[in-house]
Each structure stands twice: as structure tokens, then as C-alpha cells.
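Then move to its partner chain and the interface.

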2 protein chains.
Amino acid sequence: MSDFKRVDRPTNLISDNVQRVDQRETAFSRAARGDYGPAVQTSIVNTPLPRRYPLSFAQSEIIDQLARFEDNPVAASKAPIPDDHKILSEHIKQVGYFLQADAMGICLLPKSAVYSHDIKGNPITADYKYAIVILMRKEYRTIRASSGTDCIGDPVSFQSYQRGALVAETMANYIRKLGYPASAQHQSAKMARYQVVLPPLVLWAGLGEVSRTGIILNPRLGLGFKAAAVLTDMPLEPDKPIDFGLQGFCRQCKICADLCPSKAISAGDKAMYNGYETWKLNEQRCASFSILNKKGTICNRCVKVCPWSNPPTGYHNLVRRAVQHSSLAASIAIKASRLTGREKAHNEDKWWFDLA
Amino acid sequence: MSDFKRVDRPTNLISDNVQRVDQRETAFSRAARGDYGPAVQTSIVNTPLPRRYPLSFAQSEIIDQLARFEDNPVAASKAPIPDDHKILSEHIKQVGYFLQADAMGICLLPKSAVYSHDIKGNPITADYKYAIVILMRKEYRTIRASSGTDCIGDPVSFQSYQRGALVAETMANYIRKLGYPASAQHQSAKMARYQVVLPPLVLWAGLGEVSRTGIILNPRLGLGFKAAAVLTDMPLEPDKPIDFGLQGFCRQCKICADLCPSKAISAGDKAMYNGYETWKLNEQRCASFSILNKKGTICNRCVKVCPWSNPPTGYHNLVRRAVQHSSLAASIAIKASRLTGREKAHNEDKWWFDLA
């Protein structure tokens with residue numbers, strides 16, 4: 001991530017007035033509560049998403065097993081390692097890459113990013129100074145093969161969630177053995193292993209900019225990743241946010257908004273939402289589409305059609321570089337991307353069975 | 001793995017008289033029992049290997065957590081998928097690659113590969129027809145940076161063990177949901193998740209040939225991998241063993257034997273050992289060296305110096321191809337490899353802390 005221009009603040013406005021989020025108010029919680037209507041409620045309660053397909057069901061149970069790991073006590077004495085923020089930051093990122101993370105960053109943990117309450121209404125505290133942010137790539141070949149209305153969306157997500165959980169649990173366990181408190185943050189349906197909202201952490205740790213989908217986009221992975229994190233008090237040096245020109249790019253490019261099957265992505269301008277300037281995703285439309293699609297799981301269409309999600313081949317990396325430095329190159333790349341029919345399901349690479 | 005010549009039987013002789021192995025007779029069990037002398041016994045009992053270094057200790061606990069996953073019952077009805085050995089084999093390999101396995105193969109489970117007794121003396125049964133074999137790459141950059149007497153050998157091994165455990169547990173869980181029995185086989189210090197000896201499975205599944213180290217060598221990964229497996233009765237089509245000319249190559253090349261710090265690798269000819277023709281590793285010397293090295297974990301020297309362990313760059317892949325088809329090319333490659341000083345610790349890439 002050292003190739004990208006660093007800036008003092010994220011490229012979208014962030015006010016001082018960000019409110020903490022209650023886990024009971026997230027889209028899937030609201031769907032289960034009936035806020036999105038009885039059809040959506042019945043569907044998510046009777047056939048919860050990752051369990052709808054045997055592979056993602058199997059994957060999610062293994063993540064739950066990882067999440068059941070009981071945090072060991074922090075070692076009584078600190079390991080004899082340098083008490084140097086810069087050296088420890090570099091070390092911990094190298095540990096992440098060694099464990100096969102695809103991108104690593106560090107930020108101060110904004111208090112506003114800690115959820116206020118869990119799904120059962122218990123208040124959440126996560127009193128840590130730093131967040132180590134871990135990105136895991138989604139497998140693009142499978143996304144490219146998928147129609148978006150088949151079952152493979154959740155397995156793609158859970159493949160990244162699984163590997164992120166493995167890295168986060170291992171790293172947190174390692175840091176505790178070095179003598180510092182640490183808590184792994186990753187997806188788990190049964191074990192509530194998230195105490196923090198991850199997108200602001202991805203932003204502040206210099207791992208992406210906000211995109212038209214409302215999701216943070218990484219310049220190497222596009223939208224094709226899942227994030228995990230480790231919260232800790234180990235002395236670290238935060239990274240700075242990055243600016244690779246995405247705000248101008250997404251203003252021009254509306255491929256995701258045009259091709260979203262649920263029309264959940266805004267084709268308009270950014271607006272302020274809970275203190276963040278963003279293109280606001282219509283979460284109800286996005287979640288309801290996947291929940292009501294009985295033959296499929298999540299659609300991944302925006303991940304698939306985004307030009308930034310292309311794999312890191314020599315050619316695509318060249319285009320990535322060009323569009324950062326020239327708005328003309330960006331215009332041409334967007335037009336060319338549209339012409340390639342990015343929404344097409346490439347059946348020649350389909351390897352999974354369709355199963356209800 | 002489809003690029004390599006397939007043969008009916010492995011390239012080393014295997015008799016019909018292979019005896020099942022007792023887990024109490026493996027090198028680390030014997031070391032702990034005192035068979036290798038009191039110094040080795042004291043050292044392994046007081047400072048067991050992966051726990052000697054905080055990173056491998058942390059990694060091994062997360063693997064134990066995965067291994068505690070209680071196998072779900074097999075689904076009562078079979079999923080409506082084709083009852084076709086070839087199609088199911090192709091599918092299950094694709095699942096493995098999707099979950100980020102580095103190489104996949106399938107064999108009939110030889111009854112002789114099932115351990116006779118576990119570490120506590122209980123008889124082991126593993127009544128499955130097939131073994132799905134999963135190889136996970138070791139991180140070569142770290143091995144190259146390591147001296148072989150430092151602490152990073154175990155973290156390298158456990159990084160591969162961890163990811164192999166994740167793939168094996170997920171795949172076994174998936175197969176059970178499809179309606180077939182399946183059992184994950186992978187490293188775990190606490191949970192005894194191995195019922196089978198893996199090297200013969202790697203051999204029969206066409207994922208490698210026996211090498212001078214006695215370890216099975218994969219033509220793409222060299223010695224730089226760890227194996228895991230899933231045993232199952234799902235109808236599958238076994239792969240055939242491969243022949244990429246390694247028997248002739250290892251006969252000529254003695255780099256590993258010359259550079260092994262414990263002189264555990266034979267510089268002589270193959271011999272029959274428990275029904276297998278192999279270059280017999282002196283397990284006592286190999287295990288004792290790592291166990292007695294208080295400042296380090298396992299040495300990985302043979303993995304590091306083997307010319308086949310080079311990463312899959314264009315250049316190294318070209319050499320791989322050449323040495324398979326020409327013994328002159330093999331001679332030149334071996335001489336060139338020796339000249340590069342493969343045992344050197346590349347300190348410029350060292351990222352870990354030395355900690356007792």
C-alpha cells in the first residue's frame with residue numbers, strides 16, 4: 001500500500017458528529033425484525049442466508065468455531081521487543097502479510113466506530129487505542145463466472161471472511177503473548193465477534209476511499225475484499241488515509257448504479273449521512289433483493305462490475321495507474337469497461353452446483 | 001497438476017508388505033519417551049517446539065481450536081448432484097482451489113496408511129474409501145531469509161498447517177452436508193486430528209515423488225508445503241501417480257544431504273524401508289537437532305536449499321520444465337544451484353524478532 005498518495009484526512013468529509021451504531025439497526029437485523037415487510041422477514045427467518053447453500057453453511061460454521069476461541073490472558077510480562085511505534089507497526093504488518101493477508105493498515109480507533117449495543121441490546125465497550133486492519137481478497141474468477149442470482153455469492157464472501165478470521169484470531173493471540181491486550185474482530189453469525197464498524201477503520205487506515213456503492217474501495221482489490229481487524233493497545237503508528245482519485249472517478253462512472261439489480265446504488269451526488277459524506281446505499285433494497293432471491297445468496301453484482309475489481313494483472317495495473325493521474329484516461333477506461341459487458345455470467349468458469 | 005506425466009504406480013517401489021505405523025513410534029513421540037537420550041527428552045518436555053516461540057504458539061492454539069470442531073452428522077438425504085465419480089472429483093478439487101489450496105489430488109485410501117494406534121495406545125480405525133489430498137505452500141521468502149537456527153521455522157510450517165486445517169475442516173463439513181461421510185485430517189498438537197500417515201497419500205494422489213530427504217516433493221512447490229486431507233466415501237475418481245524425473249534428479253543432486261546441519265539426509269542410494277523404497281531420513285538426528293536448538297524451532301534447511309523449492313516465477317518454471325526432459329539440463333541446474341549459496345540467510349528480508 002506504499003504506492004499511494006497519503007493525505008491527512010479521508011477524501012470524503014467526516015464531521016465531528018458521527019453517532020455510534022446499534023447492531024439492532026443494521027440491515028439484516030431490521031429485515032429479521034420485519035422493518036422491510038413480512039415477505040422479507042419470513043424469508044430471512046426461515047432460510048438465513050449463508051445456511052441457504054451447503055458450501056457457505058459449512059464455511060460459516062467453521063468461522064463460528066474460530067470465533068469460539070477464548071482469548072488467552074495477556075502475558076504477565078512484555079516480550080523484550082523494541083518499544084518503538086514505527087518498528088512494531090512494520091512488524092505487525094509483516095506478520096499479517098506472512099499469514100497471507102492481502103492488505104494491511106493501522107489507524108487510531110475512532111470511538112464512534114464502536115457499536116453502541118449488540119444484537120441483544122447489551123452495551124458494547126471496546127476500549128482500545130489502535131485498530132490493525134486486515135483485507136482479504138475475494139476470488140474474482142468465481143465472481144466473474146456468477147450471474148449474481150445464483151448461490152455462489154455467499155461462498156465467495158465467506159471464503160474471505162474465513163481467511164480474515166484466521167489471520168485476526170492468530171494475530172490477536174500473538175499480540176497477547178507479547179504482553180499487550182488485543183481483540184480479534186471478524187464476521188461470525190453465532191458468536192458476535194464484531195464490536196466495531198469496519199468501513200471507517202478501512203478508511204482511516206489508508207486502505208481505501210468511499211465509493212459510489214457506499215462501500216470502501218481499495219485501489220488494488222477494488223470492491224473485491226472483506227475486512228477483519230485486531231484492536232490493541234500495543235504501541236503503533238497509524239497510517240494516513242489515501243487519495244487515489246476515486247471521488248472524481250466514481251462521480252463519472254455509474255456502472256454499478258446502472259447494473260445493480262435492486263437499484264440500491266445512488267446515481268446522484270454524495271450527501272452527509274451520520275456524519276459521513278457518502279453515496280448513500282439503499283440498504284433495504286440491497287438486503288431485500290438477496291433475502292427474497294430464494295435460488296441465490298448475495299449477488300456481488302457491484303463487486304463484479306466495478307472496473308477497480310479487476311485482478312492485478314500487468315494490464316489492469318497499468319490502467320489503475322493511468323486513471324489515477326488523468327481524468328481523460330478515467331473517461332476512456334469507464335467507456336471501455338461498459339463495452340465489455342461486465343455483468344455477463346462467464347459460464348465457462350462455473351464450477352459449483354446449483355442447489356437450493 | 002495436469003501438466004505432469006501420469007504413471008500407474010509411484011516411481012519408487014512399494015511392496016505389498018507395508019506395516020501400519022503406531023503414533024507412539026513417530027520421532028517426536030520417541031524423543032519425549034527418552035529413546036533419543038535424556039538431553040533431548042528434557043528439552044522437548046520442558047519446551048515443546050511450537051510453544052517455544054510466541055508466533056508459532058499462537059498459530060498452534062488456533063489450529064487446536066479448529067480441530068475441536070465437532071463433526072456434524074452426515075445429512076440424512078444426499079444432495080441432488082450428479083452421481084458421477086469424474087464430475088464429483090472435478091468439483092471437489094475446484095472447491096479446494098476456491099478455498100485457496102495450492103494443489104489438490106485424490107487417491108484410494110491405502111489401509112496401510114491408517115495409523116494402528118494413537119499416542120495413548122488406542123487402536124485407530126478410519127474406514128473410508130478415498131482420500132482428498134490438499135497441499136498448502138510454505139512462504140519461501142521467509143524461509144530464504146531464515147538461517148535455519150532461528151525461531152521462524154515453526155511459524156512457516158504452522159502458517160501452512162493453519163490454512164490446510166481451514167480448507168480440510170471446511171471441505172469435510174461441506175461433504176457431510178452433501179450427504180456423504182467425511183473426516184478432516186490435519187496437524188493439531190492437542191486434538192489428534194491425524195488418523196492417517198500423509199506422505200503415502202501425497203504420493204498415490206499424484207502430487208509428488210519421493211525425494212532424497214525421504215519427504216515427498218511436489219514439482220511446483222518443491223519441499224515447501226504441508227499436506228492435509230479429507231477422508232470420504234463420496235464417489236470419486238482417483239488420480240494417477242506422477243513421474244517428473246525426480247528419482248534421477250535426486251540421485252545426482254545431493255545439495256540437501258551436504259547442507260543438512262544434522263547430517264540426517266542420506267547421500268547414498270535408496271533402500272527398502274517398511275515396504276517403501278526411499279532415501280531413508282535419520283529421524284533421530286533430524287528431530288534431535290531442532291529439539292536441542294534452544295534458540296530456534298525446526299530448521300527447514302532441506303526445504304530452503306532444494307532447487308525445486310524455488311518460487312513459481314517464469315524463470316524457475318522454465319528450469320523446472322527443462323530438467324524434467326534433459327539430464328544434461330538437470331546437471332547444469334544442480335551445479336548452478338550449488339554456486340548460488342542456497343544455505344545463506346538473506347537478512348535483508350528478515351521481519352521477525354528473535355525471542356526465546
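**Sheet, helices and interface**

H6(A) lies across S1, S2, S3 and S6 of chain A. The helix runs at about 145 degrees to S2(A). Helices (H or I, at least four residues) and strands (E, at least two) are DSSP runs, numbered from the N terminus. Axes are lines fitted to C-alpha atoms, for helices over the stretch in contact, and angles run from 0 to 180 degrees between N-to-C directions.

This is a predicted model, in which local features need pLDDT of at least 70, side-chain atom pairs count only at pLDDT 80 or more, and totals for chains, interfaces and linings use all residues. Residues are numbered from 1 along each chain as its sequence is written, chains are lettered from A and ligands numbered from 1 in the order in which they are written, and side-chain values use heavy atoms, with hydrogens and water left out.

Now look at the sheet in chain A. Its 4 strands form an open sheet in the order S1-S2-S6-S3, with antiparallel pairing. Two strands pair if DSSP finds at least two bridges between them. Strand S1 (103-108) and strand S3 (182-185) of chain A are the edge strands, and each pairs on one side only. From one strand to the next, the twist averages 20 degrees. S3(A) and strand S6 (residues 225-232) of chain A pair in the antiparallel sense over 4 bridges. Find A:Ser183 there: its bridge partner in S6(A) is A:Leu231. H4(A) also packs on the sheet, touching S1 and strand S2 (130-137) of chain A. The direction of H4(A) makes about 145 degrees with that of S1(A).

Turn to chain B. Here an open sheet of 4 strands has the order S1-S2-S6-S3, again paired antiparallel. Strand S1 (103-108) and strand S3 (182-185) of chain B stand at the edges with a single partner strand each, so one side of each is left without a neighbour in the sheet. Strand S2 (residues 130-137) of chain B runs antiparallel to strand S6 (residues 225-232) of chain B, and 8 bridges join them. B:Leu135 stands opposite B:Ala227 in S6(B). Helix H6 (residues 153-177) of chain B packs on the sheet and touches S1, S2, S3 and S6 of chain B. Helix H4 (residues 85-98) of chain B lies across S1 and S2 of chain B.

How do the chains meet? 43 residues of chain A are in contact with 43 residues of chain B. The chains bury about 4,000 Å² between them, 75% of it on carbon and sulfur atoms. Buried area is the accessible area (1.4 Å probe) that two parts lose on being put together, summed over both. In chain A, A:Phe98, A:Trp351 and A:Phe353 lose the most area to chain B, together 19% of what that side buries.

Polar links cross the interface too. The count is 15 residue pairs in polar contact, both at pLDDT 80 or more. A polar contact is a pair of N or O atoms within 3.5 Å; within protein, one must be able to donate a hydrogen and the other to accept it, and residues adjacent in sequence count only if both atoms are side-chain atoms. On the side of chain A that touches chain B, H6(A) gives the most, with 11 residues.

The rule finds 2 salt bridges across this interface (a side-chain nitrogen of Lys or Arg within 4 Å of a carboxyl oxygen of Asp or Glu). A:Glu61 forms a salt bridge with B:Lys177, the closest N and O atoms being 3.0 Å apart.

Notes
Contact means heavy atoms within 4.5 Å.
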